[in-house]
Amino acid sequence: MIARTEPDLHEVDPEIEALMRKEDARQRDSLRLIASENYASRAVLTATAGSLTNKYAEGYPGKRYYEGMDFIDPIESIAIARARQLFAAEHANVQPYSGSPANLAALLALCQPGDTIMGLSLPAGGHLTHGWKVSATGIYYKAVQYGVRRDDNRIDMDEVRSLAREHRPKLIWVGHSAYPRVLDFPAFAAIAQEVGAYLAADIAHIAGLVAGGAHPSPVPHADVVTTTTHKTLRGPRGGLILCKAAHAAAIDKAVFPGLQGGPHNHVTAAKAVAFKEALAPSFTTYAHQIVANARALAEVLIGRGFRLVTGGTDNHLMLVDLSPRELSGRKIAHVLNGCGIELNANSIPFDPRKPFDPSGLRVGLAAITSRGLVTEHMGTVGELIADAIEVAAAGGDPARCAAIRGRVAEFLAPFAAPGL
Ligand SMILES: *Cc1c(COP(=O)(O)O)cnc(C)c1O
């Protein structure tokens, strides 16, 4: 036996190791309300950390360009089978590096450069990759953006239909990063069918809710469904594409060789682990608990006098509208971070302020639900948020922030942070 003399991370790079430990502690001690974030399990984190990162595997199971696939092929095949089972999908591609590359692959598979695509505009809660002008999807495709109604801030299906009839898009995106209501997938499918467009559903934010039965599934209605695996789905950083069998070959070809090289096998393994976790009954409980927590928190915040975009939520997130008090979302979010409450400033529909310093705060419930908080805790969560906003609005006095930070840490101490 050769003695193991390889040094550990703390010996090789104490600087990076120390920063990583500090980030662990920060995630443990703060109230994490960023709607796109979560706590991946210890099992998911472990799967990303092994020797699979050393292996090249261009191609797909059984059709690879490299040798040594004895264990990579079964890992990817298991991930694919679990993804298909979890979402009742005809085909799954588990190789996209993240949500944005998954969306580019869907466009590459179904559209030609210059084709017209439609998506929810960024200020209305859509995502950059649905055709926003600075995104490759807005540069290489002719993007038409739909919005939400001015009066109730909900997606206006009449507008979607009239824009689709007028512009005859090749593909319509349905999906969001900041829309607090249920998406009507059958209505989108009917419009897409009427104008001969493909329907692509991007469930990056809500995939965990869909998997757990707490939001309707787009899979029966859409040609292609894309998602991240790390938001409410609670897996590793990555992407996933589901599609009808008719599009399977085009999607696979678009991911590799169209857009990517070798898949990240260590992430594929962790996706498989996350899909297994999501197939367990406890995940259904988690998904429904997220929505229950969001509804309960919305009521507390409304009770404290805040206006929420659309007046509440059906999913894992809500948007607090600070415009009646003419507050800067950016400044408030920054002070809240100093209070141990982590959320992000976000544009609200028809925002009077600039996107870099908008009027909204986006609040997401996935991470604290993974941590074990339930509806009875939302009163305290709401009080902490509301108190911190008042401290921030009054100038963000450091002593008052420190007091809230102490309350947050004390409140969270009994709840173990998964994976940390
Ligand atoms: C987060 C998100 C993405 C992009 O995912 P990344 O992994 O950050 O590239 C795509 N679409 C929507 C709707 C998202 O919310």
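Colleague: Is the crossing where α5 passes α10 left-handed or right-handed?
Modeller: That crossing is right-handed. Keep in mind that you're looking at a predicted model.

Colleague: Thanks! And at what angle do those two helices, α5 and α10, pack?
Modeller: Helix α5, residues 99–110, and helix α10, residues 248–259, pack at about 115°. Their axes are 8 Å apart.

Colleague: Which residues make the contact?
Modeller: On α5 they are P101, L104, A105, A106, L108 and A109. From α10 come A250, I251, A254, V255, G258 and L259.

Colleague: How do those residues divide into nonpolar, polar and charged?
Modeller: The contact of α5 with α10 has 11 nonpolar residues, 1 polar and no charged.

Colleague: Switching topic: how is the chain divided into domains?
Modeller: Domain 1 covers 47–278 and domain 2 covers 283–412. Their centres, taken over C-alpha atoms, are 28 Å apart.

Colleague: How much area do the two domains bury between them?
Modeller: About 2,200 Å², with 58% of it on carbon and sulfur atoms.

Colleague: Which residues of domain 1 lose the most area to domain 2?
Modeller: P180, R181 and R234 do, and together they account for 27% of what the domain 1 side buries.

Colleague: How many salt bridges are there between the domains?
Modeller: The count between domain 1 and domain 2 is 1.

Colleague: And what does R181 form a salt bridge with?
Modeller: R181 pairs with D314, and the closest N and O atoms of that salt bridge are 2.9 Å apart.

Key. Residues numbered from 1 in each chain as written. Predicted model: local features only at pLDDT ≥ 70, side-chain atom pairs only at ≥ 80, totals over all residues. Heavy atoms only, no water. Axes fitted to C-alpha atoms, helices over the stretch in contact; angles between N-to-C directions. Helix = DSSP H or I, 4+ residues; strand = E, 2+ residues; numbered from the N terminus. Left-handed = near helix turned anticlockwise from the far one by under 90°. Contact = heavy atoms within 4.5 Å. Nonpolar A, V, L, I, M, F, W, Y, C, P; charged D, E, K, R; others polar. Domains from an automatic or database assignment. Buried area = accessible area lost by both parts, 1.4 Å probe. Salt bridge = Lys/Arg side-chain N within 4 Å of Asp/Glu carboxyl O.
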